[in-house]
Amino acid sequence: MRCHEAEAFLAPQMSDAVDGVRQQELASHLASCAACRALLQQEYRLDRLVKAAAEHNVPATENVAAAVRQGIEKETSKRRSPMMFWRRPAFAAVMIAVLAGGLVTWKVTLGNPMHLLCADAADDHRDEVVQAQPRRWRTGPEISEVASRAISASVPANAGGLALTKARICELQGTRALHLVYGDAGKQISVFVMMQSELPRWSVPSSRTRDIHQENDLGMNVASFSTSGFGVVVVGNDGVVRNAAADLLHTM
Amino acid sequence: MQHLHALLRTAVRLCRHQHLAEDLVQETMLRAWKAFDRYQPQTNCKAWLLAILMNLWTEEHRKPRSRNEVPEEVGNAPQLRSASGMADDRVYVREVLACIDELPEEQRGVLLLSVVEGFSLREVSEILQTPMGTVMSRLGRARAALRARLFARPPIAAAAEGTVCDAMKQKRF
């Protein structure tokens, strides 16, 4: 061990940072190095000086102790104040009302993941099916291939009495989705199928309850549910949406 | 109130002002009283209190007005003799205090907790919520700064005595 290495560990406080092997090396070095031994002396002296100096000008504890007791008494009497008793239930009632109102608002509007997914699906149906914006759709035998790629499963040929006509892969709420279109120009519904594990939490009802969530998005009927590891959203502008959702819930 | 003196001793050197130190300690004790349900019995109460003090100091007392406060005048400080009693080794308290006060805050905190309050590096690391390596580094730099300012003679001059010092025999290796 060299002097510059030993110097780092001479301070008394450094002993708990030195392992057994290093301690041996340090002891051997000190046995043969007068300069480091003198430095060690300095370290102990430094400790004594710092400890002695630190005691200088320390305020008396009595004043601070009295101030602390006063502060504690003030806190204690504040907590015991009769005025606080009626304020707390009132405050609690206000908070409960605010939270309940917020929860209701959240369930039906912005921020609700279920609503966001339904709204996204409704937008896609409006743009790509109702307004027929150009998209690359797969038809016939290619539908199975697309389904296999998107959700590694086959899809029902019918839903709500409507036949499957085309499919494509898209994204809803950042989740890969298989967009299926059932029906033809007169009556069409979109069915979006996603892997439930990839969906944001609370986006679809629990598969245990087998609930079908329904809402209306600017005149568009939307239903969502989960089954067999899939989250499904059905969109259309007439009453067949509910029947199609119920059909799919049982067949998927 | 058992550790009040230790808290005041640390606070005075951190704040460099007596009234601010008293305020800091008062706030520390009140916060400790409010959070006492979180204190785990059988653990080091002094370390817990100093951790609260250091947190408070970091949160609230590093404000511009604190920096502009004039440091305490040490006044007629007594002379301190070195352990060997050699006249040319005298170091005055005010010099030591001035050196400590001039240290950067992080180094000063580590020095006070380890040297003055006697905590191990591991305990200092837990109190300050700082990695042990950082604590060691800050302590090393603080001590080097104090040595450079306080000890005029280089170590090799003292080594001319040619005997193994007592501290070497006592050092726990």
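## Second largest pocket

By class, six nonpolar, five polar and three charged residues make up the lining of the second largest pocket (nonpolar: Ala, Val, Leu, Ile, Met, Phe, Trp, Tyr, Cys and Pro; charged: Asp, Glu, Lys and Arg; polar: the others, Gly among them). The model is predicted: local features need pLDDT of at least 70 and side-chain atom pairs count only at pLDDT 80 or more, while totals for chains, interfaces and linings use all residues. Residues are numbered from 1 along each chain as its sequence is written, chains are lettered from A and ligands numbered from 1 in the order in which they are written, and side-chain values use heavy atoms, with hydrogens and water left out.

The pocket holds about 270 Å³ of space. Its lining comprises 14 residues, with B:N44, B:A47, B:W48, B:A51 and B:E126 nearest the centre. Two or more lining residues come from each of α3 (45–60) and α7 (121–128) of chain B; α3(B) gives the most, with five. A pocket is an open set of points on a 1 Å grid over the protein atoms alone where a 1.4 Å probe fits, with protein on both sides within 12 Å along at least five of seven lines, and lining residues have an atom within 4 Å of a point. Helices are DSSP runs (H or I, at least four residues) numbered from the N terminus.

## Packing of α1(B) and α2(B)

Helices α1 (residues 4–15) and α2 (residues 18–34) of chain B have axes that come within 8 Å and cross at roughly 135 degrees. That angle makes α1(B) oblique to α2(B). The crossing is right-handed. On the α1(B) side the contact (heavy atoms within 4.5 Å) involves B:L4, B:L7, B:L8, B:A11, B:V12 and B:C15, and on the α2(B) side B:L20, B:A21, B:E22, B:L24, B:V25 and B:M29. These residues divide into 11 nonpolar, no polar and one charged.

## Contacts of α5(B)

Helix α3 (residues 34–54) of chain A packs on helix α5 (residues 93–102) of chain B at an angle of about 90 degrees, with the axes 9 Å apart. The two are therefore roughly perpendicular (65 to 115 degrees). A:L49, A:V50, A:A53 and A:A54 meet B:V93, B:V96, B:L97 and B:I100, a contact of eight nonpolar, no polar and no charged residues.

The axes of α5(B) and helix α8 (residues 132–150) of chain B come within 10 Å and cross at roughly 145 degrees. Here α5(B) contributes B:E95, B:V96, B:A98, B:C99, B:I100 and B:E102, and α8(B) contributes B:L146, B:R149 and B:L150. The residues of this contact comprise six nonpolar, no polar and three charged.

Definitions and conventions
Axes are lines fitted to C-alpha atoms, for helices over the stretch in contact, and angles run from 0 to 180 degrees between N-to-C directions. Angles under 35 degrees count as roughly parallel, over 145 as roughly antiparallel, 65 to 115 as roughly perpendicular and the rest as oblique. A crossing is left-handed if the near helix is turned anticlockwise from the far one by less than a right angle, and right-handed if clockwise. Grid points are joined across faces, edges and corners, and a volume is the space filled by probe spheres set on the points.
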